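Please read them with the structure open beside you.

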Amino acid sequence: MNSDTLTRREENGTVTREEKRFAFTPKCDIWENQNSVYLEVEMPGVTDQNVDVSLEDGILTILGRVEPLNLEGYSRVYAEYEDGNFERSFRISDEIDEEKISATMKHGLLRLELPKREAVKPRRISVTAA
Amino acid sequence: MYWPTTYSNLNGFNRLLDEMNRLWGNGASQTAFPKVNAHTNEDGMVITMELPGIDPDALDIQLRENQLTISGKIEKRNVEEGERYHRNERRHGSFSRQFTLPFRVQADKIKANSSNGVLALTLPKVEEEKPRKIAIQVA
């Protein structure tokens, strides 16, 4: 959890700042195979429209804005979780091909694929008998 | 040094502690899985549950009298050959959470809604349990 100011990158390249508020650190799985690195980030309550993935100077930043359910007229009587935005940053190694990063969102789970550059993929060198 | 410890101060502190427990989790809510909130009004209750990545069709929701059970399974992905895990923070496995509702529910009017990994269950009270306004007759 951190209290950094949330920033959101707009399509025209300007950055608008949102109000300063808590952002939760979302739970995340990271794994890799020889072709790609994968991330799965839990962001319950975030739609695909409200998730923002940006990459700057090798730092991948994920922002998710929660749209809380409309529970007007109800009062909360029991709580195990809080509604709040999600934010998390990762340093990406230069073996990742930044142009090819792709993201999908389903049931509040963000899945990122970060393909590795061709040059760093392991290559099998066949040995021929001389 | 004199520290006034009045009840009102203590209440303020307890409230702060409550808030902190909510934010960072106390014993119960830390182990609770998946996490749940409950909201009430005169007509009933809304229970919400965080289920990121779960297909709502795979959930099993049952009501027996006033016992509500929500169960399901968060599948762990199979680690394939040549894969290496760096972070493993997501929780996996079967879960079953049971709640005793403080009222009788109109079972046929329960609504279950799932959007973006949040399940919302609307549980209306049976009519007899809703508050009733009692008119005073002037003699």
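1. B:Ile61 stands opposite B:Ile70 in strand β4 of chain B, two strands counting as paired if DSSP finds at least two bridges between them. The strand β3(B), residues 60–64, is joined to β4(B), residues 67–74, by five bridges, and the two run antiparallel. Strands (E, at least two residues) and helices (H or I, at least four) are DSSP runs, numbered from the N terminus.

2. This is a predicted model, in which local features need pLDDT of at least 70 and side-chain atom pairs count only at pLDDT 80 or more, while totals for chains, interfaces and linings use all residues. Residues are numbered from 1 along each chain as its sequence is written, and chains are lettered from A, with ligands numbered from 1, in the order in which they are written. The mean pLDDT (the predictor's confidence in each residue, from 0 to 100) of chain B is 85, with 78% of its residues reaching 70 or more; the model scores ipTM 0.75 and pTM 0.76.

3. In the hairpin of β3(B) and β4(B), two residues lie between the strands, and B:Glu65 takes a positive phi near 50°. Strand β3(B) is hardly covered, since the count of buried residues among its five is zero, where buried means that 20 or more other C-beta atoms, placed from the backbone, lie within 10 Å of the residue's own.

4. The pairing of β4(B) with β6(B) is antiparallel and extends over eight bridges, and within it B:Ile70 stands opposite B:Arg97.

5. Turning to the interface, 32 residues of chain B are in contact with 30 residues of chain A, contact meaning C-beta atoms, placed from the backbone, within 7 Å. The elements giving two or more residues to this side of chain B are α1, β1, β2, β5 and β8 of chain B, and the largest share, six residues, comes from β1(B).

6. A strand pairing also crosses between the chains: β4 of chain A, residues 28–32, is joined to β5(B) by four bridges, and these strands run antiparallel. In this pairing A:Glu32 stands opposite B:Arg84.

Key. Buried ≥ 20, exposed ≤ 12 C-beta atoms within 10 Å, placed from the backbone. Contact = placed C-beta atoms within 7 Å.
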